[in-house]
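Look over the model below.

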Amino acid sequence: MSPCSIQTLQPSPQHQQQRQYVVGYALTSKKVKSFLQPKLEGLARNNGISFVPIDHNRPLSDQGPFDVVLHKLTGREWRQILEEYRQIHPKVLVLDPPDAIKRLQNRQSMLQCVADLNLSEFCGKVGVPRQLVIQRDASSIPDFVAKAGLRLPLVAKPLVNDGSAKSHELSLAYDRYSLQKLEPPLVLQEFVNHGGVLFKVFIVGEAIKVVRRFSLPNVTKRDLLSNAGVYRFPRVSCAAASADDADLDPSVAELPPRHLLERLSKELRQRLGLQLFNLDIIREHGTMDRYYVIDINYFPGK
Ligand SMILES: Nc1ncnc2c1ncn2[C@@H]1O[C@H](COP(=O)(O)OP(=O)(O)OP(=O)(O)O)[C@@H](O)[C@H]1O
Ligand SMILES: O=P(O)(O)O[C@H]1[C@H](OP(=O)(O)O)[C@@H](OP(=O)(O)O)[C@@H](O)[C@@H](O)[C@@H]1OP(=O)(O)O
Ligand SMILES: [Mg+2]
Ligand SMILES: [Mg+2]
């Protein structure tokens, strides 16, 4: 190569300059701590991405300019601020649109998209457990449950899923009369035996990652006969409950087929209008192809 041709291979100053992106973020202090770790900030910086906190005491439009607004805050006021901002700044990517997130803040509307899906049989069947919404009047729950023909045990989940500690307070009910003790509004969902392991599918745009987590153990017929009452249970499938390295029965450990998860994630991304979420999916124990989505979380943690 002649020196001349080497010169022509030098990138022009225009190409040397990396495009810079500014991400404005509105997160709780807990989320800032868990998400904005130095490693992530360093990686982002090397790729021309900087994170800037949004100041809630100043109008959003006076801040930035931002390429992306990343947020995980709830409340009508914040939703309104973001909607107005999106109208004025249509080119800014708001992750994610507040109305789309709102659908996940109710455990009934959250799973509606999955219930509406009709994934072809060859991938396996994906559905949601049968569930009933109780808006008020705990004393009528036993009758409602009988009329709906729901099978015990039932998982009782607060209808509102707003990220508060209360919205994660779940119970397992072994007999329907004890359900009167619960506080509506709630969703009663059939418990599906799944071998004590669930799959968390993390979705970031087109990228997906699946992990195994420990979950509630199977409930046998004997358990059902020998137990009564409603039992509160703690957050069983949190990040600390990883089952990826556990010595599991292979039929329980086997991940759902990749093409099934890709198809499901793509459909849900479109139908929910979200880019950042995860799905909790279980496989009915004793089957290799019956799947149930039990929970969808917006912009989850690890
Ligand atoms: N229908 C079900 N059948 C069997 N187990 C279930 C069912 N629903 C929930 N569980 C168990 O209860 C746990 C918590 O339920 P769920 O994921 O709905 O609650 P959450 O508070 O939204 O959880 P997260 O921390 O993922 O947001 C699940 O991880 C799973 O172990
Ligand atoms: O931080 P963690 O890893 O516990 O993330 C959890 C996240 O809390 P965060 O918002 O503080 O990140 C939760 O959000 P809220 O419903 O409480 O708003 C919810 O999305 C869980 O499903 C996440 O657990 P994961 O599904 O990822 O295991
Ligand atoms: Mg969950
Ligand atoms: Mg959840």
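## Ligand 1 site

Ligand 1 is surrounded by 24 residues, and K157, H168, S215, R235 and S237 are the closest. Here a residue is near a molecule if one of its heavy atoms lies within 4 Å of it. The model is predicted: local features need pLDDT of at least 70, side-chain atom pairs count only at pLDDT 80 or more, and totals for chains, interfaces and linings use all residues. Residues are numbered from 1 along each chain as its sequence is written, chains are lettered from A and ligands numbered from 1 in the order in which they are written, and side-chain values use heavy atoms, with hydrogens and water left out.

Which side chains make polar contacts with ligand 1? S215 places a polar side-chain atom 2.5 Å from an oxygen atom of ligand 1. For R235, a side-chain N or O atom is 2.7 Å from an oxygen atom of ligand 1. For N297, a polar side-chain atom lies 2.8 Å from an oxygen atom of ligand 1. A polar contact is a pair of N or O atoms within 3.5 Å; within protein, one must be able to donate a hydrogen and the other to accept it, and residues adjacent in sequence count only if both atoms are side-chain atoms.

## Two magnesium ions

D280 (OD) and D295 (OD) coordinate the magnesium ion (ligand 3), at 1.9 to 2.2 Å. This pair links distant parts of the chain: D280 sits in strand β13 and D295 in strand β14, 15 residues apart. The magnesium ion (ligand 4) is coordinated by D295 (OD), D295 (OD) and N297 (OD1), at 2.0 to 2.7 Å. D295 bridges the two ions, ligand 3 and ligand 4, which lie 3.8 Å apart. Donors are N, O and S atoms within 2.8 Å of the metal (3.2 Å for Na, K and Ca); water is not among the atoms, so sites may look incomplete.

Are these residues buried or exposed? D280 counts as buried because its relative accessibility is 6%. D295 is buried at 12%, and N297 is buried at 15%. Buried means under 20% relative accessible area, exposed over 50%, partly exposed in between (1.4 Å probe, protein chains only).

## The five-stranded sheet

Five strands form an open sheet with mixed pairing, in the order β5-β14-β13-β10-β11. Its edge strands, β5 (125-127) and β11 (207-214), each pair on one side only. Strands pair if DSSP finds at least two bridges between them. Helices (H or I, at least four residues) and strands (E, at least two) are DSSP runs, numbered from the N terminus.

Strands β10 (residues 197-204) and β13 (residues 276-283) run antiparallel, joined by six bridges. Within this pairing, V201 stands opposite L279 in β13. Helix α7 (residues 109-116) packs on the sheet and touches β5 and β14 (290-298). Helix α11 (residues 258-272) lies across β5, β10, β11, β13 and β14, running at about 135° to β13. Axes are lines fitted to C-alpha atoms, for helices over the stretch in contact, and angles run from 0 to 180 degrees between N-to-C directions. Contact means heavy atoms within 4.5 Å.

## The four-stranded sheet

A further open sheet has four strands in the order β2-β1-β3-β4, with parallel pairing. The edge strands β2 (49-53) and β4 (93-95) each pair on one side only. Five bridges join β1 (residues 21-26) to β2, and Y21 stands opposite I49 in β2. Helix α5 (residues 76-88) lies across β1, β3 (68-71) and β4, at about 165° to β3.
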